[in-house]
Amino acid sequence: MKNDILNTSIEFLKGVGPNRAKLIKNELKISKFKDLLFQFPYRYIDKTKYHKISEINSSSSEIQLIGAIKEIKEIGIGSKKRLVANFYDKTGKIQLVWFKTNKWLIDSIKLNTNYIIFGKINDYKGVKSIPHPELEIYNKDNLKKRTNLFGVYPSTENLNKKGVTNKVFSKLIEELLININKDIKENLPEYILNKYKLMGRRQAIICVHKPRTLSELEQAVNRLKFEEIFYLQMRLIKKNILRKQKIKGYRFEKIGNNFDDFYKNHLKFKLTSAQKRVIKEIRNDMGSGAQMNRLLQGDVGSGKTIVAFMSALIAIGNGFQACIMTPTEILSYQHYNKFIDICKALNISIKVITGSSKDSYKKQLKESLRKGEIDLLIGTHALIYDSVEFENLGLAIIDEQHKFGVAQRSKLWHKNKFPPHVLIMTATPIPRTLAMSVYGDLDMSIIDELPPGRKYIKTFHQTQRDRLRLIDFLKKEISKGRQAYVVYPLIKESEKLDFKDLLDGYETFSRDFPMPEYQISIVHGKMSNEDKDYEMQRFIENKTQILVSTTVIEVGVDIPNATVMIIESAERFGLSQLHQLRGRVGRGKHESYCFLITGHKKTKESKIRMETMEKTNDGFIIAEKDLELRGPGNIMGTQQSGEMPLKITNLVSDSKLILKIRKLVEKIMSKDPRLENENNLLILKNVKMIIEKKDIWEYIS
Ligand code: ADP
Ligand code: MG
């Protein structure tokens, strides 16, 4: 593969050269032949269609006409100078306009000769014209050439400005296709091509760039999606198998006394059957001899914490240490406070570490941790600092994993000579196809059932106008003994302004809910850990009735007596975040409410978000909607495992295809896990190229 022509720099493509190569690389991140080859058009213009001038209406955009120019003249002066031509077909007249005129252009236009023109309709106060149309003399040869769909490629302003227009770009692709035609090799075995009636690879790639008909284009796109999904799934499943082969895990032989004792004597509620199932899955993994790498999904409030804790008890009962990493200090302390009494009763030593823990405390903690005197360590990312060393970490749990990056998670793997079992938990329900495509190499557990007695959280979208009614309502809830959260957005770019909003809001609420009848807490990221803990504690103990805060309480906070969630400037939150925030209420036996306060002006998208929230409590439906609105890249965010490797597949609209191919890949791998079968050798060759890197990080998701 060393001399693979596909790895040639585009600089050497006819029509590119060093300057353009640099430009294209900067603008589109395309540097090699293969990058260019897989830069597909994002839409197509149908140049087989011709329009009549009389048919042009306000919704016409790009059109193609046949007709002749009868008059042409320059008008205006100086910078306003432009060239205007009257273009006629049998049905009417339209103006063609060039804002930059030059003599060459004027001379080249032939009057009273038929042209094919193509361009975008410009509608200025009802007067329609076509600025800078493409012109081509109307004759048989030119007509023949045009019988296809014309690809429009992703571009940037800068590219256009520097002359790399779509037309130029298309030419480069054409040139490329001529150059490497022979080097596009089939990568799917014949039996798959036949079974799924797929177009050959070379034909498909040429066709997406230069389709002749719509149906041909559809087949080509389908074929390319197929191979993309196929090899993504292959890679993920193969990675999982390899990881299990390569990385032996601690075998936890027994459930252990701690677990038994807790289950019999301290568990305050009955586990849901989903919780039981998931604990069993985890138990099996940790007893299997292979290292566990499991993703636990469960909607907000589904009871993941207890699953985490009981899993930790298994590790501890087998003589190992366990840790739970949380994204916020508040959450670390919440877990710690929740477990501490039980741990005492079970004779387990538990400690907490966060960024703001005192140095002397940290020093001592690290020492006892190294000696194995601490069984369960809870903490924020402070827990993964190199100086934090375990004696024998058997299980690492990551709560709300979507808040962490891969690098942070991988660090946990290195906390031991031997990778511990890893359980990552998320409350952001990941749509199935997305989960399959991003976490396809993890084993997955799902808690798809809420603890009994949960009530539907009634959700209302309101504006400032409804404020008085809202205050009345809140007073009634508080008089019943309930509590409320008020959340303000705090988004990095305008942190100062946001902070002012929060403080103003706190003041307003203090006026509407005066002391001593009411007590209000405030919590935000800039407070010291002690102050935060103090304020949270007052709220937990129902000494304050309203907690005004930023999104520091977004994840995990669990105070069942709180029944009202008021989200200010709700239009500034994404769907998943709104759902997380709302999940802070509805955790107890009382009826709960969520109020989404927005301004009057809303974008279409934020309207859809509010409506979705009003309509459903179901995290999976919300996640699907979120995916649809924002696309996978944004959902997984920069915190997520890097770029989505999909170029042509759409996780939402192609979900059926993804499921189908996932099944196919699973079937192939279960029948022929080493891909030794003659039929599968081609697959093996391609998978090998993908997995050849032997670094352990490659196996981490
Ligand atoms: P999340 O999945 O969002 O982390 P938590 O673990 O915080 O949810 O659980 C939410 C609340 O439900 C907690 O107060 C917890 O004690 C309670 N809970 C969990 N499991 C059950 C159950 N099986 N029956 C009753 N309450 C439960
Ligand atoms: Mg939680």
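Tutor: Lys29 sits in the loop between H1 and helix H2 (33-37). Bear in mind throughout that this is a predicted model.

Student: Is Lys29 buried or exposed?

Tutor: A residue counts as exposed when its relative accessible area is over 50%. Lys29 has a relative accessibility of 70%, so Lys29 is exposed.

Student: Which loop holds Lys197, and what is its phi?

Tutor: Lys197 is found in the loop between helix H7 (190-195) and helix H8 (201-209). With 72% relative accessibility, Lys197 counts as exposed. Its phi is positive although Lys197 is not glycine, and the value is near 50 degrees.

Student: How far apart are the end C-alpha atoms of helix H1?

Tutor: Helix H1 covers residues 17-28, which is 12 residues.

Student: Why are the buried residues of H1 on the same side?

Tutor: The buried residues of H1 are Gly17, Ala21, Leu23, Ile24 and Leu28. They lie on the same side of H1 because the arc they cover around the axis is only 165 degrees.

Student: Which residues are exposed on the other side of H1, and what covers the buried ones?

Tutor: Pro18, Asn19, Lys22 and Asn26 are the exposed residues on the other side of H1. The cover over the buried residues of H1 includes helix H5 (157-161) and helix H6 (166-180).

Student: Which residues of helix H20 are buried?

Tutor: Helix H20 spans residues 575-582, and seven of its eight residues are buried, so it is largely enclosed by the rest of the structure. The buried residues are Leu575, Ser576, Leu578, His579, Gln580, Leu581 and Arg582.

Student: Is Glu216 buried or exposed, and what is in contact with it?

Tutor: Glu216 is found in helix H9 (residues 214-246). Its relative accessibility is 12%, so Glu216 counts as buried. Leaving aside neighbours within four places in sequence, its contacts are Met199, Gln203, Cys207 and Pro211.

Student: How far is Ile237 from Asp443 in space?

Tutor: Ile237 is also placed in helix H9, and its relative accessible area of 11% makes it buried. Beyond four places in sequence, Ile237 is in contact with Arg662, Val665, Glu666 and Met669. Ile237 and Asp443 are 206 residues apart in sequence, while their C-alpha atoms are 10.0 Å apart.

Student: Which backbone oxygen does the side chain of His421 reach?

Tutor: His421 belongs to strand S15 (residues 421-426) and counts as buried at 0% relative accessibility. Apart from neighbours within four places in sequence, its contacts include Gly249, Phe252, Asp285 and Met292. At 2.7 Å, the side chain of His421 reaches the backbone oxygen of Tyr250.

Student: Where is there a cis peptide bond?

Tutor: Most peptide bonds are trans. Pro516 lies in the loop between helix H18 (495-512) and strand S19 (520-523). With omega about 0 degrees, the cis peptide bond is the one that joins Met515 and Pro516.

Student: How much of the exposed area of ligand 1 does the protein bury?

Tutor: Surrounding ligand 1 are 16 residues, the closest being Gly301, Lys304, Thr305, Arg454 and Asp558. A polar backbone atom of Gly301 is 2.7 Å from an oxygen atom of ligand 1, and a polar side-chain atom of Arg587 is 3.0 Å from an oxygen atom of the ligand. Taken alone, ligand 1 exposes 570 Å², and the share buried by the protein is 87%.

Student: For the whole protein chain, what percentage of residues count as buried?

Tutor: The protein chain has 24 helices and 22 strands, and its C-alpha trace spans about 95 × 70 × 45 Å along the principal axes. Among contacts between residues at least 6 apart in sequence, 74% join residues at least 24 apart. Of the 701 residues, the percentage that count as buried is 52%.

How values were computed
Residues numbered from 1 in each chain as written. Chains lettered and ligands numbered in written order. Predicted model: local features only at pLDDT ≥ 70, side-chain atom pairs only at ≥ 80, totals over all residues. Heavy atoms only, no water. Helix = DSSP H or I, 4+ residues; strand = E, 2+ residues; numbered from the N terminus. Expected span 1.5 Å × (residues − 1). Buried < 20%, exposed > 50% of the residue type's maximum accessible area, 1.4 Å probe, protein only. Arc of directions from axis to C-beta. Contact = heavy atoms within 4.5 Å. Near = heavy atom within 4 Å. Polar contact = N/O pair within 3.5 Å; in protein donor to acceptor, adjacent residues only side chain to side chain. Areas by Shrake-Rupley, 256 points an atom, 1.4 Å probe, with all protein chains shown as cover.
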